[in-house]
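These are my notebook entries from a first look through this structure. I put down what I looked up, in the order I looked it up.

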Amino acid sequence: MFNLILFGPPGAGKGTQSAKLIDKYQLVHISTGDLFRAHIQQETELGKKVKALLASGELVSDAITIAMLEEEIGNHPAARGFIFDGFPRTVAQAEALDKFLEGRGDKIGTVIALDVDEDELRKRIAERHKVSNRPDDAAEKLVKRIDEYFGKTIHVLPFYEGQGKLRHVNGIGEIDAIFSELCQVIDEHLK
Ligand code: ADP
């Protein structure tokens, strides 16, 4: 198994790069944001519970998020590995993921942080807002999401740094150039 965490602020390009990586490495992509949006669209109980939170840009509780993630991992018994995108977003989530994987005789291989500065993030999400129908892409909601990132999520980095698993890739530039840098980091780990 090879499990990768693609880490980065909202708008860093995690979704775009994940789509390319799952193709090349035959991994299963798990985006907690996408999972929540699917629940909202299908109007499940969970979807009803988290709809307002997502629209506001606030994080969903750890308990709900972890339970959903563990269920999704369980839905892919034949997976060769996973790319986690948008998870973990808190240290408690990171600890829960380690514990869950350990229980399956598995672990996180590498964590790659896609580095993008705040100005660039704002520009990208403003562009995306023109074409996406994500209510949380609106400028006033973005403030909350960036706050959540710098307030809670950024603390996940020292957690993995301490485990010696953290690598950085510059998230600004051509999509294909960033992709090939990601592949280099992964191939280095896999060899
Ligand atoms: P982004 O563009 O910010 O990376 P995502 O699609 O990953 O957006 O997430 C959208 C929203 O879903 C978040 O603002 C949050 O409300 C919720 N969410 C997604 N993943 C998590 C998580 N791991 N923990 C808590 N909330 C989450």
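Which residue is the bridge partner of Leu6 in β4? I looked it up, and the partner is Ile112. Before going on I note that this is a predicted model, in which local features need pLDDT of at least 70 and side-chain atom pairs count only at pLDDT 80 or more, while totals for chains, interfaces and linings use all residues. Residues are numbered from 1 along each chain as its sequence is written, and side-chain values use heavy atoms, with hydrogens and water left out.

I took helices (H or I, at least four residues) and strands (E, at least two) as DSSP runs, numbered from the N terminus. I let two strands pair if DSSP finds at least two bridges between them.

I found β1 joined to strand β4 (residues 110-115) by 4 bridges, and the two run parallel. β1 also pairs with β3 in the parallel sense, over 3 bridges. On that side Leu6 stands opposite Asp85, and Ile5 has Phe84 as its bridge partner. β2 and β3 are joined by 4 bridges and run parallel. In that pairing I saw Val28 opposite Phe82.

Next I checked burial, with buried meaning under 20% relative accessible area, exposed over 50% and partly exposed in between (1.4 Å probe, protein chains only). In a regular strand the side chains alternate between the two faces of the sheet. In β1, Leu4 and Leu6 lie on one side and Ile5 and Phe7 on the other, and all are buried. In β3, Phe82 and Phe84 point one way, Ile83 and Asp85 point the other way, and all are buried.

I looked at Phe82 on its own as well. Phe82 counts as buried because its relative accessibility is 0%. From Phe82 to Ser56 I noted 26 residues in sequence and 28 Å in space, C-alpha to C-alpha.

**Entry: aromatic rings**

How many aromatic pairs does the structure hold? I noted 4. The rule is that rings of Phe, Tyr and Trp (its six-membered ring) pair if their centres lie within 6.5 Å; planes under 30 degrees apart count as stacked, over 60 as edge-to-face and the rest as tilted.

One of the pairs is Phe7 with Tyr149: the ring centres are 6.1 Å apart and the planes are at 45°, so I logged the pair as tilted. This pair links distant parts of the chain, with Phe7 in strand β1 (residues 4-7) and Tyr149 in helix α7 (residues 139-151), 142 residues apart. Phe7 is buried at 3% relative accessibility, and Tyr149 is buried at 7%. Another pair is Phe159 with Tyr160, where the centres are 5.0 Å apart and the planes are at 90°, so I logged this pair as edge-to-face. Tyr160 is buried, at 0% relative accessibility. I also saw that ring pairs link Phe7, Tyr149 and Phe150 into a cluster.

I then looked for a charge over a ring (NZ of Lys or CZ of Arg within 6 Å of the ring centre and within 35 degrees of the ring normal). Lys20 lies over the face of Phe179, 4.9 Å from the ring centre.

**Entry: the ligand**

Which residues are closest to the ligand? I counted a residue as near if one of its heavy atoms lies within 4 Å of the molecule. The ligand has 20 residues around it, and the closest are Thr32, Arg37, Glu58, Gln93 and Arg145. A polar side-chain atom of Arg145 lies 2.9 Å from an oxygen atom of the ligand. A polar side-chain atom of Arg89 lies 3.0 Å from a ligand nitrogen atom.

**Entry: backbone angles**

Most residues other than glycine have a negative phi, and most peptide bonds are trans. I therefore looked for departures from both.

The peptide bond from Phe87 to Pro88 is cis, with omega near -5°. I placed Pro88 in the loop between β3 (82-85) and α5 (91-103). Gln26 has a positive phi, near 55°, and lies in the loop between α1 (14-25) and β2 (28-31). With a relative accessible area of 47%, Gln26 is partly exposed. Glu43 also has a positive phi, near 55°. Glu43 sits in the loop between α2 (32-41) and α3 (45-56), and is exposed at 59% relative accessibility.

Note on methods
A polar contact is a pair of N or O atoms within 3.5 Å; within protein, one must be able to donate a hydrogen and the other to accept it, and residues adjacent in sequence count only if both atoms are side-chain atoms.
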